[in-house]
Amino acid sequence: MKSPLVRPAEPGRAFGLRQCRYRGLAKARLQHQLTATAVNFHRLNTWWTDTPKACTRKSHLAGLRAAG
C-alpha cells in the first residue's frame, strides 16, 4: 500500500505543475512552493470535510471471485 502523502502525479495533473510558468530559478522555485502549499490545503480540506476518495475499479479476478 502506498503512503497517502506520496502522490507524484497529483500536482502535475490537477494544479498545472507540468510546465513552469516563469523563467528563472527563483521564480520557478516560488511557483513550486506555492503549488505545494495549494496541494496541501486541498488535501487538508478533503480531510476536514470527509470527502470520500474516488472508488477504484475492481480487477477482473475480484469480479470473478464475487460472482462465484
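The model is predicted. The chain contains 3 helices and 0 strands, and its elements follow the order α-α-α from the N terminus. Its mean pLDDT is 76.

**Confidence**

- Of the residues in the chain, 72% reach a pLDDT of 70 or more.
- Confidence is highest in helix H2, residues 25-48, where the mean is 88.
- The lowest confidence falls in helix H1, residues 10-14, with a mean of 66.

**Burial and surface**

- The chain has 68 residues, of which 12% are buried.
- A nonpolar patch on the surface is formed by Phe41, Leu44, Trp47 and Trp48.
- Together these four residues have about 550 Å² of accessible area.

- H2 has 24 residues, which at 1.5 Å a residue should span 34 Å.
- The buried residues in H2 include Ala28, Gln31, Thr35, Val39 and Arg43.
- An α-helix has 3.6 residues a turn, so residues three or four places apart point the same way.

- Thr46 is located in helix H2, and its side chain reaches the backbone oxygen of Arg43 at 2.8 Å.
- Arg43, which provides that backbone oxygen, is itself buried.
- Thr46 has a relative accessible area of 26%, so it counts as partly exposed, between the limits of 20% and 50%.
- Trp47 also belongs to helix H2 and is one of the residues of the nonpolar patch.
- Trp47 is classed as exposed because its relative accessible area is 60%, and exposed means over 50%.
- Asp50 follows H2 and has a positive phi, near 55 degrees.

Technical notes
Residues numbered from 1 in each chain as written. Predicted model: local features only at pLDDT ≥ 70, side-chain atom pairs only at ≥ 80, totals over all residues. Heavy atoms only, no water. Helix = DSSP H or I, 4+ residues; strand = E, 2+ residues; numbered from the N terminus. Buried < 20%, exposed > 50% of the residue type's maximum accessible area, 1.4 Å probe, protein only. pLDDT = per-residue confidence, 0-100. Patch = residues over 30% accessible without salt bridge, like charges linked within 9 Å, V, L, I, M, F, W, Y side chains within 5 Å. Areas by Shrake-Rupley, 256 points an atom, 1.4 Å probe, with all protein chains shown as cover. Salt bridge = Lys/Arg side-chain N within 4 Å of Asp/Glu carboxyl O. Polar contact = N/O pair within 3.5 Å; in protein donor to acceptor, adjacent residues only side chain to side chain. Expected span 1.5 Å × (residues − 1).
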